[in-house]
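Here is a walk through one chain and its ligand. Keep the model open beside the text as you read.

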Amino acid sequence: MSDSKESSKPSKPVNKDPEKTGSVNPNYRRVENTTRSVDEYIDGIQNGNKTLLSRAITLIESNNPDHQKAGEEILEACLPASGRSVRVGVTGVPGVGKSTFIESMGRLLLEQKRKLAVLAIDPSSSRTKGSILGDKTRMQTLSIHDHAFIRPSPASGTLGGVARKTRETMLLCEAAGYDTIFIETVGVGQSETAVHSMVDFFLLLMLAGAGDELQGIKRGIMEMADLIAINKSEKENIKAAERAKREYENALALMPETSSGWETPVHTCSAIEKTGLDIIWKEIEHYLDQTKKSSYFKQRRQEQLSQWMNETIDQELKSRFYHHPAIKAKFQHYEKKVRQGNMSPFRAASRLLALPEKRTGFHDEEVDDRK
Ligand SMILES: Nc1nc2c(ncn2[C@@H]2O[C@H](COP(=O)(O)OP(=O)(O)OP(=O)(O)O)[C@@H](O)[C@H]2O)c(=O)[nH]1
Ligand SMILES: [Mg+2]
């Protein structure tokens, strides 16, 4: 297949090995230094080649404009083959058992002949090494299984950047035939909102007996949840877990109705002992069934697509602004004036914003840079 495609049109080489540059995720194993064409990547991904999938993701994550361009081309070509998966977000406080849960649930799904990709969103600097790398030890079965693919969070960047790359990675994984995507994120900070905006189903893991104040999980996250699972519900924890289940059910009953019409269920489970997981998966299937019938599923995916476009525009505008030579030349100058109280932040901002539109002459303004 790849042969015929490549002989029919000249292939565009993607210069340099993306895994050998310093600008990409340093956690990833380096592979042989070869020059591959965009077409080779596309064929490889669509034939389920994990190495090429991995390398294409590295192109997407790269800060090198050539790599990014190649990544975009690959993504565009893979787009028609994407979208046919179930996207599940898993959130909860650190240590609640997200990775263990995904491993155990993943094993169950692999037995059902599903193909599984696990991604992470974790932009926090203290965990930049990509928690899932450490978690690979907690996802032992998945990390070596032919039908599973694990990819840590992009190593650096703003939440917006990380989220964008994770979305694009998800689409490539779908094109490679993964029909179930799990996205793990720590339920602190803003990352869970980003994950919520890219999945079909949002699962919140909780612990029993960790206090009535809902363990620092903000009410907003509970409102986003499509299911709450109380993990580590085994042995002497079972009673406390049942109690917590009732408490969360009561708390949910007071929350406003969801736009999907779905009533968020609460279940207990043990990721380690693999109990309660089949019920949770059945709930997910039930949710998909219900929302597909009501067309909420389709509508939500459409909304997410337009949100992605808008966010990409926002990020691109910002990035163009800060990388513009005129801004680079003058940013510190204006910032200094603002810090010293010699110019209002608003005037400085509007001067800076006007700079990229001017061809010359911004030095003239220095003369009247007064408050
Ligand atoms: N007893 C018990 N321990 C569990 C269970 N699930 C996870 N653990 C343990 O809890 C600890 C944290 O599990 P992880 O799966 O790494 O938790 P996590 O939520 O992914 O943690 P972060 O990625 O650091 O946020 C590990 O020691 C697990 O073995 C469970 O169901 N029962
Ligand atoms: Mg984890």
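Buried residues make up 37% of the chain's 371 residues. A residue is buried if 20 or more other C-beta atoms lie within 10 Å of its own, exposed if 12 or fewer, and partly exposed in between, with C-beta atoms placed from the backbone. This is a predicted model, in which local features need pLDDT of at least 70, side-chain atom pairs count only at pLDDT 80 or more, and totals for chains, interfaces and linings use all residues. Residues are numbered from 1 along each chain as its sequence is written, while chains are lettered from A and ligands numbered from 1 in the order in which they are written.

The chain holds 15 helices and 9 strands. Helices (H or I, at least four residues) and strands (E, at least two) are DSSP runs, numbered from the N terminus. Contacts are pairs of residues whose C-beta atoms, placed from the backbone, lie within 7 Å. Of the contacts between residues at least 6 apart in sequence, 73% join residues at least 24 apart.

How confident is the predictor? Mean pLDDT (its confidence in each residue, from 0 to 100) is 84 for the chain, and 79% of the residues reach 70 or more. Residues 1-10 fall below 50, and this stretch has 8 contacts beyond near neighbours in sequence. Residues 360-364 also stay under 50, with 3 contacts beyond four places in sequence.

Turn to helix H8, residues 159-175. Its 17 residues reach 24 Å from first C-alpha to last, close to the 24 Å expected. The expected span is 1.5 Å times one less than the number of residues. In H8, 14 of the 17 residues are buried, so the helix is largely enclosed by the rest of the structure. Gly 177 follows H8, with a positive phi near 100°.

Two lysines also have positive phi. Lys 113 has a phi near 70°. It sits in the loop between helix H5 (98-111) and strand E4 (116-121). Lys 113 is exposed, because 8 other C-beta atoms lie within 10 Å. Lys 274 has a phi of about 55°. Its loop runs between strand E9 (266-268) and helix H12 (277-293). Lys 274 is partly exposed, with 16 C-beta neighbours inside 10 Å.

Now the ligand. Ligand 1 is surrounded by 18 residues, each with its C-beta atom, placed from the backbone, within 6 Å. The closest are Pro 94, Gly 97, Lys 98, Ser 99 and Thr 100. H5 gives the most to this shell, with 3 residues. Helix H6 (131-135) supplies at least two.

Note on methods
pLDDT is the predictor's confidence in each residue, from 0 to 100. Two residues are in contact if their C-beta atoms, placed from the backbone, lie within 7 Å.
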